[in-house]
Amino acid sequence: MFDSLSDRLEGIFGRLRSRGRLTDEDLDEALREIRTALLEADVDVRVARTFVDGIRLRLVGQDLSKSLSPGQQVIKAVHEELIGILGGETLRISYASAPPTVVLLAGLQGSGKTTTSAKLARWFRQQGRNPMLVGADLQRPAAVEQLRILGAQASVPVFSEASDPVAVATAGLNEARRLGRDVLIVDTAGRLAIDADLMEEVRQISEAVDPHYTFLVIDAMTGQDAVATAEAFHQTLDLDGVILTKLDGDARGGAALSVKEVVGRPIAFASTGERLADFDQFHPDRMASRILGMGDMLSLIEQAEREFDGDVAQEGAARLLEGRFTLEDFLSQLQQVKKLGSLGGILSLLPGMPKELKQAKDSIDDRQVAQVEAIIQSMTRKERADSSLIDGGRRKRIATGSGTTTQEVNQLLRQFKEAQQLMRSPGMLGGMLGGRGGRGAAQALSEQMGDLAALAPGGADAFGELGAGLPGGSSPMRGLGAGGSKGSKGGKKKKGGRVTPKASGGSR
Amino acid sequence: MLALWIVLAVVVVVAVVVSFVLLSRRAGGGNAAAASPSAVQTKPPPTAPAPAAAPEAAPQAPAPAVADTSASAPVSPEAVPAPAVVPETLPVPQEEAPPADLHERMGKTRGLFSGYVRALRGRGSVDAQTWDDLEEALLRADVGVATTSALLDDLRQRVKNGDLRGPDAVIDALRQALKASLESAGGVGLAFEEGVTNVWLFVGVNGVGKTTTIGKIARQQSAAGRPLLLAAGDTFRAAAAEQLAIWAERAEVGLVRGAEGSDPSAVVFDAVQRATARGQDLVLADTAGRLHTKVNLVEELKKIRRVADRPPGKVTEVLLVLDATTGQNGLAQARQFLDAVGVTGVVLTKLDGSAKGGIVVAIQREFGLPVKLVGIGEGPDDLIAFDAESFVDALFD
């Protein structure tokens, strides 16, 4: 599941199992790997150094955990330390007694301020507020126009005028008061932290509108420059928080750690896509995993917990494992999974994917999914239960009903049939679920779960439930592992279902 | 715990869906190819009526009406300028004082390296501290772990062999190595061919400065007397075409655009047609910022390139626009865009900031990609040819 960092640490600690504790020498090599991982993740060189020194102090002389491998133990310590730094108090927006609450956004060119302004506006609306946007970026061609369009999408009014940024901001504030808007979001032009004139300008804007919240908008792919930029903006504006953007890319995002460490203000929001809805509270634990190069499975679980109908999920899984999965089942599961958002996005949250899946993940066009849904919905119950019933005439009817062609219907039916067969073939499901090269999915999955369980309290107990919960009482692991290894929750001795983390300290 | 059950179900369903995709791909693209690329991005909903995808097989005029906002000084169609004799590579018109300019603009970067360098030169011998300091200096310039190690290992070997004695020699050797590396990738001239409508395609992730760069190049080329046309191939982002239109006005060149949400390939195709008809032999094609991780967007880009490459058009440059503040992710960007559409050169933007842009060293070493242009400001003239010597000097002094 964890990529090279975990593997590398396992390699280092492979010899260690006989000894009872982690010594200085053992740690040195491991910490070098950690440092490399952090630097590859764009964490500031100096921040990385301080961080690693802190971890060393934490780990030297520590007893080797009985339940975790040494590598896991180190990762856990690093993970927790990262969460500690990235987290801390969450930013809670408290609204001004005399409206509007003014929010000012600043940052480098291209960081995503304008899009973020609109997203924030939408977010405030969702909180039941009446926000207004001010387009104070008069520098970039068509910036105000862009904001107007986005504002319209968010159903939030946009104010701007052709004067100068300070005047626009001031006028915007007056307008907000006049209109009785209770939140004002000021978008400003991108500017270099070392441009004294422009930094003075933004200081003046800040002075003019006296913001309650000033956010630095920073791109997740920023490298070593993050610290200099953050320091400069913080010095000039006294930031209240940071908004991290473009997290939908694969940048590890070490800049988040650097900025947090240096500015000391919370990372308030995370922007995860180009749509206005792709905006969320920042999650330190997920960011920590990401910086270390681990997948963000926690996101997925939490979201699924929120959105899924558990019975439907269980039922579907059971039927799939028993080979009874029909188009009806597929439809209901598909509809469930859709609630989690883009399927491609979901796949990217799953760690340890075999290469083919990784490549396939983004080619899942959500419009295709809609098409598949439409086709199945145009079928009768009977047809969905038994697709062999679907002859030429029915295919035509289904095609017409779903606005597709008979070829597309044929294709779906053919592919579903093949997929069913693939699912039934030994080891295939296991292979797809992440165990390649002969390792059964049972091991792979339990390893993944095991690693996760090491990090999340209470996860380990799930194994008991998993075994018991499946209708028919058979362990799902056994079913998954068909064709793979025999062991039910097996796998390597040090990982697996018997992990009971000691007080792992609320990482969630 | 319900959660893990759910994850299981998700994974299982996803596995089924994915096997679909794999099968459909094997079957030669079925559903996957049918979806029009413009509909892939779920927002904003296209305001124009459902656009037809630019036909790949037959080069007919695409369905969406493309508005052509000609510049205030339109090139009259009849007066096809006599093709001037131009060399194969058209160098970017140089500002008169570029080395000093870049040096000056990168002045703030001096602080970083020069601090280390001064300290190093001061010391008499090469020791562990020397290597630590050099490593830190390179890493802080975003050169990256792997490239830094490679560079320093090489130097360490040479010190061991007795080739290099003393910190001064080491620093000079490092400078040389960096310079040689950056220069080895090839010339900084922008390729131009006679007898075709050249298309220079600008690609990159979101917010790097593609549109602004095009605006600057348009101005330079136009001032040098080259007839050209801009293609507003970013049909996704709000007001993207408007942004480019303003640059077109500034450069006094024409622009071809489509409705928001329409097929970018169609826009580029149309631009090539129009440019050809008017005897304009250069099209600068803007594209929407796209994360290299989004396979469907990358597929869209591939299609844009294919369409642009159809005679009379020919893609003679694919320029990856890269923000100097980008960290190690720049490597991933370079890799993916190179694989997808064959990048011919890099434009490194925002180098007037505090970022050192050292990622281009790593990119050159790993992919052999040359940096051709450097952006040093938001103004229309703030674009100069890349000069390895100045770049490295500015880092070191």
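Although B:E252 is not a glycine, its phi is positive, at about 60°. B:E252 counts as partly exposed because 14 other C-beta atoms lie within 10 Å. Under the scheme applied here, 20 or more other C-beta atoms within 10 Å make a residue buried, 12 or fewer make it exposed, and counts in between make it partly exposed, with C-beta atoms placed from the backbone.

This is a predicted model, in which local features need pLDDT of at least 70 and side-chain atom pairs count only at pLDDT 80 or more, while totals for chains, interfaces and linings use all residues. Residues are numbered from 1 along each chain as its sequence is written, and chains are lettered from A and ligands numbered from 1 in the order in which they are written.

## Backbone exceptions

Most residues other than glycine have a negative phi, and most peptide bonds are trans. A:D42 also has a positive phi, about 75°, without being a glycine. This residue is placed in the loop between α2 (24-40) and α3 (45-59) of chain A. A:D42 is buried, since 30 other C-beta atoms lie within 10 Å.

Two cis peptide bonds can be described as well. One runs from A:P99 to A:P100, with omega near 5°, and A:P100 is in the loop between α4 (70-86) and β1 (101-107) of chain A. Another joins B:P311 and B:P312, with omega about 10°; B:P312 lies in the loop between α12 and β8 of chain B.

## Chain A and its helix pairs

Chain A has 508 residues, of which 55% count as buried. Its secondary structure comprises 24 helices and eight strands. Among contacts in chain A with a separation of 6 or more, 74% involve residues 24 or more positions apart; two residues are in contact if their C-beta atoms, placed from the backbone, lie within 7 Å.

Two packed helices are described by the angle between their axes and the distance between the axes. Axes are lines fitted to C-alpha atoms, for helices over the stretch in contact, and angles run from 0 to 180 degrees between N-to-C directions.

| Helix pair | Axis distance | Angle |
|---|---|---|
| α7 (residues 165-179) and α8 (residues 196-209) of chain A | within 9 Å | roughly 20° |
| α5 (residues 113-126) and α6 (residues 143-154) of chain A | 9 Å | about 25° |

The angle makes α5(A) and α6(A) roughly parallel to each other; angles under 35 degrees count as roughly parallel, over 145 as roughly antiparallel, 65 to 115 as roughly perpendicular and the rest as oblique. On the α5(A) side the contact is made by A:T114, A:T115, A:S117, A:A118, A:A121, A:R122 and A:R125, and on the α6(A) side by A:A143, A:Q146, A:L147, A:L150, A:G151 and A:A154. By class, this contact has six nonpolar, five polar and two charged residues; Ala, Val, Leu, Ile, Met, Phe, Trp, Tyr, Cys and Pro count as nonpolar, Asp, Glu, Lys and Arg as charged, and the others, Gly among them, as polar.

A right-handed crossing is also found where α7(A) passes α8(A). Here A:P165, A:V166, A:A169, A:T170 and A:L173 of α7(A) meet A:E201, A:Q204, A:I205, A:A208 and A:V209 of α8(A). The contact of α7(A) with α8(A) has seven nonpolar, two polar and one charged residues.

Elsewhere in chain A, helix α20 (residues 406-424) contains A:Q421. A:Q421 counts as exposed because it has 12 C-beta neighbours inside 10 Å. In sequence A:Q421 and A:Q62 are 359 residues apart, and their C-alpha atoms are 51 Å apart in space.

Helix α12 (residues 295-308) of chain B has 14 residues and should span 20 Å at 1.5 Å a residue, which agrees with the 20 Å between its end C-alpha atoms. The expected span is 1.5 Å times one less than the number of residues. Of the 14 residues of α12(B), 11 are buried, leaving the helix mostly covered. Those buried include B:V295, B:L297, B:E300, B:K303 and B:R305.

B:T326 is located in the loop between β8 (313-323) and α13 (329-341) of chain B. With 31 other C-beta atoms within 10 Å, B:T326 is buried. Not counting residues up to four places away in sequence, B:T326 touches A:M221, A:G223 and B:I359. B:T326 and B:V361 are 35 residues apart in sequence, and 13 Å apart in space from C-alpha to C-alpha.

Terms used: Helix = DSSP H or I, 4+ residues; strand = E, 2+ residues; numbered from the N terminus. Left-handed = near helix turned anticlockwise from the far one by under 90°.
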